[in-house]
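The following paragraphs lead through the structure shown below. They begin with the packing of a helix pair and then turn to a sheet and its surroundings.

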Amino acid sequence: MRMDKAKNLLLLLKMLQTSSLGITLNDVVEKFGVSYRTARRMMATLKDSYQDFGIEEVESWDREKHWHIPRSVVKKQNTTDFTAEDLATLNQVSKKIKTVNSSGLTKKLQELDIKIKSCIDQSKLKVMENDVSDMAEVEVPLFYPYRKTNVNEDVLKIIKNAVSSFHKVKFFYKGKWVTAEPYGILFGQKSYMVAKINPKFNLMTYLISEIETIDQCNETFIRDENFSLEDFAHQSIGIYHGKNYDIELRFEPSVFKEVYQYQFSPDQKFSFDNNWFATVKFQTSSLVELCHHLFTWEDKVKIIAPKELKETMKDMLNRANKQIK
């Protein structure tokens, strides 16, 4: 068996051990980027090769089959054995999170680090921490400029509770009081609350660092059952949501490999011709944010469509050029 296939099977085994709701074949397809047929083969291989783990089907509300490994079996097998690499990985993620200005997630990762270490024998932990220290010298995240914003953790807690319980919130935002239906939080270099001020209105985004005071209302609301926060986030580059444009970019052969590995959008389509000119197509409404990224490609990228993106780029270049004359 090839090493990558073996690693995928071990990862799938871990997923089965840690999922209470169970893993479906569609979950396997999405996680590993394989066909439905391959996903079915992977599951069958585990069921045949790891019979001692007792992989069983889980009752579910939908029509899909779900599988998991019962908690009692997981505990008996004692498969959760933290390593120095696990602690080093958590440390690296914490450092990376700091570069996107998310103090809340950084704090939670630190708490998780403490919980994990409390489960490890102290004599073993001392050796592991020395190894983690050595690993920290091997890999360090790059620094990129970002805007520091102080997000009130109490505000975040109220928003999260309101989202989970379908309660409206009332908050003071940029000089006025707003009552809205919260749908979720978007994290990046800035953090935003996604909400509706009226069921008939479109979703809006509110910069959480600008929310001075917020309270959860007694009034509840009916959440749109078709809404997906992840889909909403992927509809745009950055925070702006509006009219979607069909984007087409053409890249020089000299940057072919870099473009091939670059992700402009979760739904992008990549193609190339016989001369290794690469074309990337996707949809977004964030023309300004996209132009910020295209600046980094200098003269190696050409905007084919739409004309609105060309005009946005020209306008930004003209305004920037005035500052260096």
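In this predicted model, helices α11 and α12 are roughly perpendicular to each other, because their packing angle of about 65° falls within the range of 65 to 115 degrees that defines this class. Helix α11 spans residues 287-295 and helix α12 residues 307-322, and their axes are 10 Å apart. The crossing of the two helices is right-handed. On the α11 side, the contact involves L287, V288, L290, C291, H292, L294 and F295; on the α12 side, these meet E308, L309, T312, M313, M316 and L317.

Five strands form an open sheet in the order β6-β5-β4-β3-β7, with antiparallel pairing. Strands β6 and β7 are the edges, each pairing on one side only. On average, and with direction ignored, neighbouring strands of this sheet are turned by 45° against each other.

Strand β4, residues 176-186, is mostly covered, with eight of its 11 residues buried. On one side, five bridges join β4 to the antiparallel strand β3, residues 167-173, and among the paired positions F172 has W177 in β4 as its bridge partner. The hairpin of β3 and β4 has two residues between the strands, and K174 takes a positive phi near 50° there. Five bridges also join β4 to β5, residues 192-196, which again run antiparallel. Here G184 is partnered by V194 in β5, and L186 by Y192. The hairpin from β4 to β5 passes through five residues.

Helix α8 lies across β3, β4, β5 and β7, and runs at about 20° to β7. Which residues touch the most other members of the largest nonpolar core? Of the 26 residues in this core, they are I159, F171, M193, I208 and I211. The elements that give two or more residues to this core are α8 (153-165), β3, β4, β5, β6 (204-207) and β7 (211-220). Apart from it lies another core, of 22 residues, among them I237, L249, F251 and V255.

Leaving aside residues up to four places away in sequence, M193 touches I159, V169, F171, P182, G184, M204, T205, Y206, I208 and I211.

Conventions. Residues are numbered from 1 along each chain as its sequence is written. This is a predicted model: local features need pLDDT of at least 70, side-chain atom pairs count only at pLDDT 80 or more; totals for chains, interfaces and linings use all residues. Side-chain values use heavy atoms; hydrogens and water are left out. Buried means under 20% relative accessible area, exposed over 50%, partly exposed in between (1.4 Å probe, protein chains only). Helices (H or I, at least four residues) and strands (E, at least two) are DSSP runs, numbered from the N terminus. Two strands pair if DSSP finds at least two bridges between them. A nonpolar core is a set of buried Ala, Val, Leu, Ile, Met, Phe, Trp, Tyr and Cys residues joined through side-chain atoms within 4.5 Å. Contact means heavy atoms within 4.5 Å. Axes are lines fitted to C-alpha atoms, for helices over the stretch in contact, and angles run from 0 to 180 degrees between N-to-C directions. Angles under 35 degrees count as roughly parallel, over 145 as roughly antiparallel, 65 to 115 as roughly perpendicular and the rest as oblique. A crossing is left-handed if the near helix is turned anticlockwise from the far one by less than a right angle, and right-handed if clockwise.
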